[in-house]
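I opened this model to go through its ring pairs, nonpolar cores, helix packing and backbone exceptions. My entries follow.

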Amino acid sequence: MTSTGQDSTTTRQRRSRHNPHSPPHDSSVTSKRGVKKGALLHSSPSLAELKKKGRMKKLSQAAEQDLVVGLKELDVNLEAKTLSGTGLVFDEQLNEFHCLWDDSFPEGPERLHAIKEQLIQEGLLDRCVSFQARFAEKEELMLVHSLEYIDLMETTQYMNEGELRILADTYDSVYLHPNSYTCACLASGSVLSLVDAVLGNEIRNGMAIIRPPGHHAQHSLMDGYCMFNHVAVAARYAQKKHAIQRVLIVDWDVHHGHGTQFTFDQDPSVLYFSIHRYEQGRFWPHLKASNWSTIGFGRGQGYTMNVPWNQVGMRDADYIAAFLYLLLPVALEFQPQLVLVAAGFDALQGDPKGEMAATPAGFAQLTHLLMGLAGGKLILSLEGGYNLRSLAKGVSASLHTLLGDPCPTLESPGAPCPSAQASLSCALEALEPFWEVLVRSAETLEEDFLEEENVEKEEEGPWQPPALPIPMWPVLQARTGLVYDQRMMGHYNLWDKYPPEMPQRVFRIMRRLEELGLAGRCLTLPARPATDAELLTCHSAEYVGRLRATAKMKTRELHREGSSFDSIYICPDTFACAQLATGAACRLVEAVLAGEVLNGTAVVRPPGHHAERDAACGFCFFNSVAVAARHAQAVSGHALRILIVDWDVHHGNGTQHIFEQDPSVLYISLHRYDHGTFFPMGDEGASSQIGRATGTGFTVNVAWNGPRVGDADYLAAWHRLVLPIAYEFNPELVLVSAGFDAARGDPLGGCQVSPEGYAHLTHLLMGLANGRIILILEGGYNLTSISESMAACTRSLLGDPPPLLTLSRPPLSGALASITETIQVHRRYWRSLRAMKVEDKEGPSSSKSIPKKLTQPANRGSAVGMTAPDGNILDADAGKATSASSMEVATPDQAKSETAVVELSQDQTSEAPPGEATADQTPSEAATGGATLDQTIVESATVGATPGQTTSEEAVGGAAVIQTPPALCTDNQTPPASPAQGATAQIAPSKLTENLRTLDLNSEAQEAPESQMAEEEGLLGEAARGQDRDDSVLIQSFGDHANADQVMFYAVTPLPWCPHLVAVRPIPESGLDVTQPCQDCGTLQENWVCLSCYQVHCGRYVSAHMLQHHEVSGHPLVLSYVDLSTWCYNCEAYVHHQALLDVKNIAHQNKFGENMPHSH
C-alpha cells in the first residue's frame, strides 16, 4: 500500500480545477516502537527523548515552521452574517388554467390545492418568508427560449378551444389554455424572485410551488406538460444578473429533464445532474440522451450526469447512493455558487406515473445533502408529482428540511439494489475521466468470492412498503445543547508547564464560542459527575477504585502511578475532572433522548477514547463516548442502535475494544496508522480489525498511512464508506469522538483538515438518526485550530449551512488506497459497499431486438410516465416523433413481406457513417475503398419529399436510403464533381422519380427466408452506427421488382432535429470543395466535412480520421461528401433539419452543378 503522503497521480487527462499538488512528502517513518502519545516522529532525537516523558516545551524548528504556515492558512473568519429564513412562492393565480378537453389530465390545479392543505396542516406556511409570483419578462425568457417561440405561446391567450387543441396536438403530452402563457410566465418569474432573494442575501434558501412544470421545455418547443424551462431560465438569469459563474442543477423528477440537459450540454458553467426512470429507453421521453453515456460534448463534456433507473420500485437507498457516490463528490469539486433543483415528486411511492418506492423522508435526506453545497444557497422548483397525497407529503418533507428541521429516520433504508449499483457503476466510469475526485484507487477491487452462507440473500424484485411512511417532526424546546464546566481545567501536568493536553484547551474553545455568539444560541446544560453505575458499564470496579485513590496521593506517588500507564499524567484533581467529563457527556445524552435538545456539544477534558476497561491511556482516563453510549441504551430501555464516529487523528483503541463484540454499536474510526507506528501503535487500528463474535463487521477502521491527509480525503471516505455503511446501519443516535488533532496546524497530527471541512463532515452526519447527534471533545492540541474547528461544527449543529469549501487537491492516492482497503474488508458485511460487475452496460443488443408499433396514446396527458413497448427508443426530441408513433415497423410476422426493393443502377457508391462499419466489410476492403455485396449505404432524407428530389438528398416519407450494390467499387474510385464524371454515377432526379413510382406499400411481397431477415436487421443496425433498430426504422415493400439487376434498399428515418445543431458554424467564404482530400492522409475516398470547423477527414474504414477528429474536438455534426447525409456523433443518428439545408445546398452545387431541389 502506498503512503498517503504521496500525491495522487493518474494517466488520464482531467481538467485541472485546482492548484498543483503539493510536493511529495517523505513518508519514511521511524520503526521504533513504544513512542509516547505526543511524540513527533520527525523531531530530533533529543526532542524525542523529552516526548517519552510527556514533555513538550518547544517544537523543533521544522515543526514550528509547519505550525506557522498552517495558522496562516487557517480560515478563522467564521463571523460572517448567518442568513436565516426560507422563501416560499405559493400563488393562487397559478391554478387558473387546466385542460379544457380532458378533466382527467394529471397535471391540474388540484396538485397545488393538496400541497397547500398539507402545508397549512403542518404550520409551514407561517414559518416561511412569503413571495408573490411575478411575471417573467420576455427578455428573461429569451435567455433560454427563442423570441419566435415565446411570441407563439403569447398568442395562445387569444385562441379558442379548437385552436388551442390543434396547436397542443403538434407537441408531445401537453395541453393549452388561454391562461397557460400567463401562468407559465408567473411560474418562471417566481423562481427568479427566489434567485434574487437568495443571492441578495435576503433569505437562506427557498421553494417555488408552481405549475406548469418546466424541465422538459426546450429552446423552441413545448414538451411533457412544460412551456418554459424555469430552472434553466433561473440559471441563466443568475449568471447574467448576479454574475454567478457556476450553477448546479439537480433534477430528481422521475422523468428525464431533457429540455434542461439540451440547454446546457455544451456549457461548463452549469453542472446538470439527473436521476430518472429510463428502463433502457422504454420510459418517456424515450431518449438515448437520457442514458448514463450522455455526458455533454465539447467544452461541456463531463458536466452532464445521468443516472438512469432501469427498473421500477427504486427506493430511498438507491437515490441516496447516487448522491453519495456521484453527485456530492463532483459537486464539491465543481464548487457551485447556487444550487437549483427541478423538484418533481413523481418518484414517491404511490405515484401512478413514476412507479417508484421513494418516501417523503428520503426526499428530506436528499434536500439535506444538497444544503451542504454553495453555502446553503438552494432553491427547489416544483416539477412533477401526480399522486396528490404523496406529492403533498414530499413537498412538506423537503420544506421542513429547508427550514432546518431534522431529517426523519428512514424506515427501511437498506442498501442500493443491484440495478441501481449497475447504473451508478456505468455513470461513474463514464465521468471518471473528467473529475479528479472520482478517480479510484490504483489497487483494483478484486471480485467477491464469498461463501454462499456468508452472503446475505438479495431480495427478489423491488421492495414495496405496505403504505407510504409518514415522517414525524419532533417538537423541540431548543436545537443544540452545550455542556461545559470550568472545573475540568483542574486536571493538569505537575511536571511540565507545556504538555499537549493542557487545561487551556477547553477554555479557549468556550471563549471562541462566546465571541462568535454561538454559545448564546445554544441551551447551556449543567455538567454533573458520572455515577459509579455509569462508569461501571465500561470500566471495571477495580480500575475505578484505583483512579479514585489518586485524589489522596502525594506528588511522588502520582508520578509513579501515571508512569504505570501509557502517556498519562495524574494530579489530585484528575479523577474528579475525568468523572465530570464523562458525566457531562451522559447529561447531554439525556437531554437529546428526552427531546430537550436535538443535538449537542460536550466541551470536556480529559479526553476518553483511548481509555480501556482496566487502564488509562493516551491522556484518557474514562471512556466518555463509550459510557455515554451505554447510558443512552440504558435510558432508552433497549439496545439502541448507536453509531460512534471517531475522527480523532489517533485510533480509539479503548472504544473499539469495549464494543468489538456488540452489533448494536457501529464503531467507525479514521486515524493515522502509519503501518502500526503511529500512536497507540500496534495493529489495533488496522483495517483488518473488524470486531469479534456477533460484533463482526461493526468495527470499521480507515487507517491513513502517512501525514498531510486533508478535507478531500476525509470527504472521500465519508462519501464512499462512512455514509453508505451508516445509512445501511440506520442508527438511532450518533456520537462523535470529536478530536481535532487532524486539523491544519496541529503539532501531533500532521494532517490538514480545515474548520470548513469539519463543518461539512458534521453536516453530513446530521442526516442520520433523526438529527440526534452529539459531539464529544477528544484530542486537538493547537489552541486556535481546535477553537475554530469546534466553532465550525457547532454552527452546523445549530443549522447554519456549512461554509464554502475549496478543495485544493483531489484525494491522495495513499488515502484512496486506505479507503479501498477498508471497503474490500467490509464488502462481506455491508451490501452498500459491494462492487457490481456490469456485463452489458449498454443494455440489450439493439441489432437483435424486434420493434413493435408504438401507438399514440388517446389521452395526451398519459404519454408522460407511459412505458413504451419493449425496445422503442425515440432519438428525436423535437415535438412528437410522428413518423415513429404512427408507422408500422417490422415485427417477426411482418418482416418477411416488408422488405423494400427499388430498381437503381448497379454503379452506386457505398458510404457508411464516419466511424462506423459497413455490414460484412473486411478491414482490407475498407482500407482500399472496396465494397462487398453486403456493404450498405445510408443517404439522408427529407420528410415529405416530392418527385424530382435527388437520391443524395431526399427520399420518400423522410426515409434515408440504404443501398446494397451488387458490384465491387474500384480501388481508385473518387467522388465526382458532377454526374458526368468519375467511376460512380449519381442518380438523377428523374431516375429517382421513376423508381419511387414503383413503391408498393401493401406489404404483399414474397416471403423471405428468416436468415435473410436476420441479415437485413444487421444491415440496418450497422448503417445506423449501432443504434437501436427501434429508432424509427421503417421497412416497407417496394413491390415485385426484384431481379438480378436490382439492388436492395432499407429506409431509416433521420432525426428531424437534434440538440447539437447549435454547433453548426457558418460556411467559410471560400465555400466547400467536395473533391478535397482528407487533411490527414490525403485519401479521396469516403471523406466527410466537420460542420463546426470545416476540416475534411476520411471515414472509419479508410483511416478513421474524422472519428479521431470528433474525439479530440468534440464537434458533433459532419456532412458526407459522397451522399450529402449528415451524421451526429452525440446522438448516434442521421439528422435532417432546416439548419442544415444551406450547407447541403452548397455541397450539392459543388457536386452536381445545380441547386438542391426543394431546399426550403
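**Entry 1: Tyr181 and the ring pairs**

I looked up Tyr181 and found a relative accessible area of 3%, so the residue is buried; I use buried for under 20% relative accessible area, exposed for over 50% and partly exposed for in between, with a 1.4 Å probe and protein chains only. The model is predicted, so I note that local features need pLDDT of at least 70 and side-chain atom pairs pLDDT 80 or more, while totals for chains, interfaces and linings use all residues. Residues are numbered from 1 along each chain as its sequence is written, and side-chain values use heavy atoms, with hydrogens and water left out.

For aromatic pairs I took rings of Phe, Tyr and Trp (its six-membered ring) with centres within 6.5 Å; planes under 30 degrees apart are stacked, over 60 edge-to-face and the rest tilted. This rule gives 29 aromatic pairs. Tyr181 and Phe228 are an edge-to-face pair because their planes stand at 75 degrees, with ring centres 6.0 Å apart. Tyr181 belongs to helix α7 (residues 180-199) and Phe228 to the loop between β3 (205-208) and α8 (230-242), so I logged the pair as a link between distant parts of the chain, 47 residues apart. Helices (H or I, at least four residues) and strands (E, at least two) are DSSP runs numbered from the N terminus. Phe228 is buried at 0% relative accessibility.

I then checked Trp252 and Phe345, which also form an edge-to-face pair, at 6.2 Å centre to centre and 65 degrees between planes. Trp252 lies in the loop between β4 (247-251) and α9 (258-264), and Phe345 in the loop between β7 (338-343) and α11 (360-370), 93 residues apart. Both Trp252 and Phe345 are buried.

Ring pairs also join Phe97, Phe105, Tyr175, Tyr225 and Tyr386 into a cluster. Over the ring of Phe97 sits the charged end of Arg211, 3.8 Å from the ring centre; the criterion is NZ of Lys or CZ of Arg within 6 Å of the centre and within 35 degrees of the ring normal.

**Entry 2: Cores and Val341**

A nonpolar core here is a set of buried Ala, Val, Leu, Ile, Met, Phe, Trp, Tyr and Cys residues joined through side-chain atoms within 4.5 Å. The largest one has 207 residues, and Trp252, Trp647 and Trp718 touch the most other members. Helix α10 (residues 316-334) contributes the most to this core, with 14 residues. I also found a second, separate core of 35 residues, with Leu580, Ala585, Val604 and Ala629 among them.

Next I looked at Val341 in strand β7, which is buried at a relative accessible area of 0%. Leaving out residues up to four places away in sequence, Val341 touches Val231, Val250, Trp252, Leu370, Leu378, Ile379, Leu380 and Ser381; contact means heavy atoms within 4.5 Å.

**Entry 3: Helix packing**

α11 packs against helix α12 (residues 388-402) at an angle of about 35 degrees, with the axes 8 Å apart. Axes are lines fitted to C-alpha atoms, for helices over the stretch in contact, with angles from 0 to 180 degrees between N-to-C directions. α11 contributes Pro360, Phe363, Ala364, Thr367 and His368 to the contact, and α12 contributes Lys393, Gly394, Ala397, Ser398, Thr401 and Leu402. Eleven of the eleven residues of α11 are buried.

I recorded an angle of about 35 degrees and an axis distance of 8 Å for helix α23 (residues 755-765) and helix α24 (residues 783-797) too.

**Entry 4: Backbone exceptions**

Most residues other than glycine have a negative phi, and most peptide bonds are trans. Arg605 and Pro606 are joined by a cis peptide bond, with omega about 0 degrees; Pro606 is in the loop between β11 (599-602) and α20 (624-636). Another cis bond joins Phe679 and Pro680, with omega about 10 degrees.

Tyr225 has a positive phi near 75 degrees and lies in the loop between β3 and α8. Ala374 has a positive phi of about 55 degrees and is in the loop between α11 and β8 (378-382). Its relative accessible area is 7%, so Ala374 is buried.
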